[in-house]
Each structure stands twice: as structure tokens, then as C-alpha cells.
Amino acid sequence: MKKITPMLTKIAYLIARFAAAIIMGQTLYFKFTGSPESMYIFKTVGMEPWGRWLVGIMELVAAILLIIPRTAWAGGFLAVGLMIGAIGMHLTVLGIEVMGDKGQLFYYAMIVFLCGLYVVFNNRDKIENEVLPKIFKRK
């Protein structure tokens, strides 16, 4: 039983990283091609077109960082931040359902948020012992 738990943790970690990266990567097509849904969302929140492009670029960066094992922690942080914004917009301005999508975009944002949190949580030792000391120049 002791050997199963680390293996399941590794599998869950890989699933979380790639699920978040795939969902964000898939939505890039709609942001970068100016799909009616994306344009509606960003127009409604007052960020069309610059916000659509900026968020798309940031999601692309987050997806790439999540795929690379060494930088997954940074991708997780960026994904969580982006999804806090997306979820916040859904809850305050857009509503859960956007243009008849039955909440699909909201649920994707929730999945990416939870996956990103899991990635960050899984990298907490690395962040505490390697990343933060470099940022704050401590030993």
C-alpha cells in the first residue's frame, strides 16, 4: 500500500498539469481567432480586443510552463491567477452561462483553477526551499 500512494500522487499531478494546459490551450483558438463568444465576453467586461489578446498570451505561457516539469509551479501560479479573474468575471458580470454554453466556460475555469492549485500545492517544498530564497536572496 505504501508504494501505491506515491504513484497515485504522481499520476494525479501529471493529470492536473496536463488537464489545465490542455483546457487553456484549447481555448486559445477562440481567443486568437476572435470567435463571437470570446469577443462577447471581453466586450462585456470592457477588455475587447486588448484583454482578449493579453489573456490569451498569458494562458499560452501558463500552459507551456505547466507542461515543463521544472516550471510547472510557475504555470500553476499563473493559471490560478488567471482563473481567479475568469471566475470572478463569471460571478459578477457575465453570469455562469454565457451565450447558451450551459456554464461550460465557467466549469472549465473551475477545473483549471483546481488543477493549478494542486500543482502549486504539490510544489510547495520546491517553492519554499528553492524559489522563495532566490527571490528574497536568502540561503
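From the N terminus on, the elements of the protein run α-α-α-α-α-α. The model is predicted.

Me: What percentage of the residues of the protein count as buried?
Reply: The C-alpha trace spans about 50 × 40 × 25 Å along its principal axes. A residue is called buried when its relative accessible area is under 20%. Of the 139 residues of the protein, the share that counts as buried is 37%.

Me: Among contacts between residues at least 6 apart in sequence, what percentage join residues at least 24 apart?
Reply: A contact needs heavy atoms within 4.5 Å. Among contacts in the protein between residues at least 6 apart in sequence, the share joining residues at least 24 apart is 63%.

Me: At what angle do helix H3 and helix H4 pack, and is the crossing left-handed or right-handed?
Reply: Helix H3 covers residues 50-67 and helix H4 covers residues 72-94. Their axes are 7 Å apart, and the angle is about 145 degrees. The crossing of H3 and H4 is left-handed.

Me: How many nonpolar, polar and charged residues has the contact of H3 with H4?
Reply: H3 contributes Met58, Glu59, Val61, Ala62, Leu65 and Leu66. From H4 come Ala72, Ala74, Gly75, Gly76, Leu78, Ala79, Leu82 and Met83. Glu counts as charged and Gly as polar. By class, the contact has 11 nonpolar, 2 polar and 1 charged residues.

Me: Which helices are included in what covers the buried residues of H4?
Reply: The buried residues of H4 include Trp73, Val80, Ile87, His90 and Leu94. Ala79 and Leu82 are also buried, and both take part in the contact with H3. The cover over the buried residues of H4 includes H1, H2, H3, H5 and H6.

Me: Why does the pair of Trp73 and Phe77 count as edge-to-face?
Reply: Trp73 and Phe77 are 4 residues apart in helix H4, so about one helical turn separates them. Residues three or four places apart in an α-helix point the same way, because a turn has 3.6 residues. The ring centres of Trp73 and Phe77 are 6.3 Å apart. Planes over 60 degrees apart count as edge-to-face, and for this pair the angle is 85 degrees.

Me: What is the distance, centre to centre, in the aromatic pair of Tyr29 and Phe30?
Reply: A search of the whole structure finds 4 aromatic pairs, including that of Tyr29 and Phe30. Tyr29 is exposed, at 56% relative accessibility, whereas Phe30 is partly exposed, at 34%. The pair is edge-to-face with 85 degrees between the planes, and the distance from centre to centre is 5.3 Å.

Me: The charged end of which residue sits over the ring of Phe121?
Reply: The charged end in question is 3.9 Å from the centre of the ring of Phe121. It belongs to Arg124.

Me: Where is the place of Ile96?
Reply: H4 is followed by Gly95, whose phi is positive, near 90 degrees. Ile96 is partly exposed, at 31% relative accessibility. Residues touched by Ile96 include His90, Leu91, Phe106 and Tyr107. The place of Ile96 is the loop between H4 and H5.

Methods:
Residues are numbered from 1 along each chain as its sequence is written. This is a predicted model: local features need pLDDT of at least 70, side-chain atom pairs count only at pLDDT 80 or more; totals for chains, interfaces and linings use all residues. Side-chain values use heavy atoms; hydrogens and water are left out. Axes are lines fitted to C-alpha atoms, for helices over the stretch in contact, and angles run from 0 to 180 degrees between N-to-C directions. Helices (H or I, at least four residues) and strands (E, at least two) are DSSP runs, numbered from the N terminus. A crossing is left-handed if the near helix is turned anticlockwise from the far one by less than a right angle, and right-handed if clockwise. Buried means under 20% relative accessible area, exposed over 50%, partly exposed in between (1.4 Å probe, protein chains only). Rings of Phe, Tyr and Trp (its six-membered ring) pair if their centres lie within 6.5 Å; planes under 30 degrees apart count as stacked, over 60 as edge-to-face and the rest as tilted. A charge sits over a ring if NZ of Lys or CZ of Arg is within 6 Å of the ring centre and within 35 degrees of the ring normal.
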